[in-house]
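Walk through this model with a viewer open. Start at one helix, then follow the charged pairs and a few single residues.

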Amino acid sequence: MKKMMLAVVIVNYRTPGLTIDCVESLLPELQGISAGIVIVDNLSGDDSVKKIRSWIDEKVLSEAVMLIESPGNLGFSGGNNLGIKALSADHYLLINSDTTAKPGAIRTLLETSRKFPQAGIVSPKLVGISGETQMSCFRFHRPFGELVDAAQTSIVDRLLKNHVVGLPFPEGMMEPEWTSFACVLIRSEVFAKTGLLDDKFFMYFEDVEFCHRMRRAGWTIVHNPEAEIVHFHGGSSSFEEQVRARKRLPKYYYEARTRYFYSLYGQKGLLAANLSCMLGLSIAYFRKWVQGLTIRSPENRAIDIWLNFSCPEKKSSMLP
């Protein structure tokens with residue numbers, strides 16, 4: 001297989017219209033670059049494959065765009081891994097189906113990677129459809145960070161400020177501990193040295209774990225806000241809607257959370273994370289009782305964080 005400069009990987013799950021829009025925004029950005037695009041349909045079970053294949057045929061793009069039908073719904077990690085293995089390239093752009101590239105974004109990412117040879121990952125600025133900046137640079141999730149997140153209290157934020165996961169929007173380039181995988185440019189050497197994404201994470205926390213593994217191998221992450229990607233937040237998943245509505249989150253989210261804390265901090269670290277979360281929730285509910293405040297926490301969180309505690313390495317799935 002001839003090695004190209006860039007391979008773009010897009011995982012589709014019941015979002016054929018968004019996927020097509022994403023590719024159409026990328027095609028002019030890839031002109032003059034040795035590049036290929038692979039779309040992985042994660043067994044959508046709808047008319048996604050038919051619509052995407054018809055569009056490829058209509059636009060005569062079979063040489064530029066490859067469509068792979070996954071044998072099952074492999075989740076974010078498994079779907080991307082299929083695409084990564086399908087093409088040989090110096091760099092891989094993993095990009096969500098619910099995104100579009102602004103002019104010059106892809107070349108800016110590639111140029112940034114060239115300037116910073118120790119950057120295993122380069123990430124762009126994510127903006128909403130109205131142009132608002134979306135949070136995409138973070139500190140690692142640590143056990144005491146669960147206390148900060150659950151307490152929703154400014155004094156806790158100040159006392160444990162180094163455990164607050166979200167970082168302020170950067171005006172210039174920065175090196176976060178991890179970055180959103182809604183769109184990332186990854187060197188092929190990173191995969192060669194650290195392996196692919198951990199497909200035992202069905203969805204969520206796989207990007208954090210990968211960044212942690214990559215940084216342990218000596219790579220850095222560079223975030224360059226000069227490259228902009230429009231992200232229709234939650235367009236490829238109902239998760240964001242569930243968070244906003246404070247509904248009970250999917251089982252696979254908590255399974256992934258358990259696997260993440262266990263893999264990085266061991267059983268004691270996982271226990272510390274859960275107890276920190278419980279303490280944070282107690283603070284939040286005390287404030288609600290005293291001050292009448294609304295608790296911005298998903299339903300059943302205090303119970304669901306214990307999912308898979310006794311078998312934390314169990315592979316997560318989409319099953320409810």
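Which strands and helix do the buried residues of H2 pack against? They pack against strand E1 (4-12), helix H1 (16-26), strand E2 (35-41) and strand E3 (65-69). The model is predicted, so local features need pLDDT of at least 70 and side-chain atom pairs count only at pLDDT 80 or more, while totals for chains, interfaces and linings use all residues. Residues are numbered from 1 along each chain as its sequence is written, and side-chain values use heavy atoms, with hydrogens and water left out.

Some terms come up at once. Helices (H or I, at least four residues) and strands (E, at least two) are DSSP runs, numbered from the N terminus. Buried means under 20% relative accessible area, exposed over 50%, and partly exposed lies in between (1.4 Å probe, protein chains only). Contact means heavy atoms within 4.5 Å.

Now look at helix H2 itself, residues 48-58. Its buried residues are Ser 48, Val 49, Ile 52, Trp 55 and Ile 56. They cover an arc of only 135° around the axis, so they sit on the same side of H2. The arc is that of the directions from the helix axis to the C-beta atoms. The face turned away from this buried side carries the exposed residues Lys 50, Asp 57 and Glu 58. After H2 comes Val 60, with a positive phi near 55°.

Next, the charges. A salt bridge here is a side-chain nitrogen of Lys or Arg within 4 Å of a carboxyl oxygen of Asp or Glu. The structure holds 13 of these salt bridges. One of them joins Lys 51 to Asp 47, with the closest N and O atoms 3.4 Å apart. Lys 51 is partly exposed, at a relative accessible area of 44%. Asp 47 is also partly exposed, at 35%.

Glu 177 and Arg 142 meet in another salt bridge, at 2.9 Å from N to O. This pair links distant parts of the chain, 35 residues apart. Glu 177 is in the loop between helix H6 (154-159) and strand E9 (178-179). Arg 142 is in the loop between strand E8 (137-138) and helix H5 (145-151). Glu 177 counts as partly exposed at 21% relative accessibility, and Arg 142 counts as partly exposed at 24%.

What does Asp 149 form with Arg 301? The two form a salt bridge, and their closest N and O atoms are 2.5 Å apart. Asp 149 lies in helix H5 and Arg 301 in helix H11 (residues 301-304), so the pair ties together parts that are 152 residues apart in sequence. Asp 149 is partly exposed at 44%, whereas Arg 301 is buried at 9%. Elsewhere, Lys 102, Lys 125 and Glu 228 are linked in a network of salt bridges.

Asn 224 lies in strand E11 (residues 220-231). Asn 224 is buried, with a relative accessible area of 5%. Leaving aside neighbours within four places in sequence, Asn 224 is in contact with Thr 108, Thr 112, Ser 123, Pro 124, Lys 125 and Met 173.

Turn to the loop between H5 and H6, where Thr 153 lies. Is Thr 153 buried or exposed? Thr 153 counts as buried, at 9% relative accessibility. Not counting residues up to four places away in sequence, Thr 153 touches Ile 283 and Arg 287. Its side chain makes a polar contact with the side chain of Arg 287, at 3.4 Å. A polar contact is a pair of N or O atoms within 3.5 Å; within protein, one must be able to donate a hydrogen and the other to accept it, and residues adjacent in sequence count only if both atoms are side-chain atoms. Phe 140 is 13 residues from Thr 153 along the chain, and their C-alpha atoms are separated by 20 Å.

Two backbone angles close the tour. Tyr 204 is found in the loop between helix H7 (188-194) and helix H8 (206-216). Its phi is near 80°, a positive value in a residue other than glycine. Asn 308 lies in the segment after H11. Its phi is also positive, about 65°, although Asn 308 is not a glycine. Asn 308 counts as buried, at 10% relative accessibility.
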